[in-house]
Amino acid sequence: MGARELGASMSSVLTPELLEAFIKERVEAGELYSDYLCIDDIEFAPRNPRIHDLDTLDGSIKRFGHTEPITIDETTGLLVSGHGRIKKLREIQQEGGPKPRYIRDVDGRWHVLVTRGIHFENQAEADAYLIAINNTAQSSSWDTTPYLEMVSDIESLTGSLAGLAISEDDLAKLKPPEFQPVDDEPPRLDEKKKVICPHCKHEFEP
C-alpha cells in the first residue's frame, strides 16, 4: 500500500475488499491500529446508559483539543467508547464552531482518531466493556493533598480551571476544615473551681 493521504481514512484509500482483509488480519493477530473516521459516519452502540456532561466535555475539548481516541467494536462496527465526545463534536460543528485541535478536516468533514482492532464475541461483552471503561475511571480517587496543590498551581499559573471538571463544591469537600482557635484558655490543672452555696449563695473555694 502506498502512502496515505494526510487526513484520509483507510476506507478512502482502500477498496472495501482490501479494507475488510486488513481489519481481519489485525483482529486475528490481536493487534490494534489507529485510523481517522468521519464523525458523521460513526454509529453509536444500541444501548448506552451513560449520561454525559456535555458542558464539561465542551470546556475540555475547547481547552485541550480531542486527545483521546474513541473505540470501535470490529464485530459490529459500533462505537463502544467516546459517545459523549462524538455528540459534542457534532454539536460544535453543527453550530459553526472552530475545529478543535487534533481533529482533521477533510473537505469540510471532521475526522476523529479511532482505536481499531478491538472485537468482542457478542453484544453482551461489548456492553460489559462499555460499562467497565466508565466505571474503572470512577472507582479511582485522589490523594487529597498533592491533588489540591496541583489544582492550586494550575489555577495560579494559568488563571483557569476550565475543562478540568472541577467544581467549587468538589474542592470544598476535599479541603480539610479550617482551624478555629479557641478564645478561652483551658483551665490549669492546679486551679480550683469556685462553688456557690445553694442556701446562702456565698461563693467559696472547696
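The protein has a mean pLDDT of 84, with 80% of its residues at 70 or more; pLDDT is the predictor's confidence in each residue, from 0 to 100. This is a predicted model, where local features need pLDDT of at least 70, side-chain atom pairs count only at pLDDT 80 or more, and totals for chains, interfaces and linings use all residues. Residues are numbered from 1 along each chain as its sequence is written, and side-chain values use heavy atoms, leaving out hydrogens and water.

**Confidence**
- Helix 4 has the highest confidence, at a mean of 97, while strand 7 (residues 203–204) has the lowest, at 65.
- Over residues 1–7, pLDDT stays under 50, and the model has 11 contacts there beyond four places in sequence (contact: heavy atoms within 4.5 Å).

**Fold**
- You will find 7 helices and 7 strands, in the order α-α-β-α-β-β-α-β-β-α-α-α-β-β (DSSP runs numbered from the N terminus: H or I, at least four residues, for helices; E, at least two, for strands).
- Of contacts with a separation of 6 or more, 69% join residues 24 or more positions apart.

**Cores**
- The largest nonpolar core has 14 residues, and I42, I70, I86, L89 and V112 touch the most other members (a nonpolar core is a set of buried Ala, Val, Leu, Ile, Met, Phe, Trp, Tyr and Cys residues joined through side-chain atoms within 4.5 Å; buried means under 20% relative accessible area, with a 1.4 Å probe and protein chains only).
- Strand 2 (70–73), helix 4 (83–94) and strand 5 (109–116) each give this core at least two residues.
- A separate second core of 5 residues includes L148, V151, L161 and L171.

Terms used:
Buried < 20%, exposed > 50% of the residue type's maximum accessible area, 1.4 Å probe, protein only.
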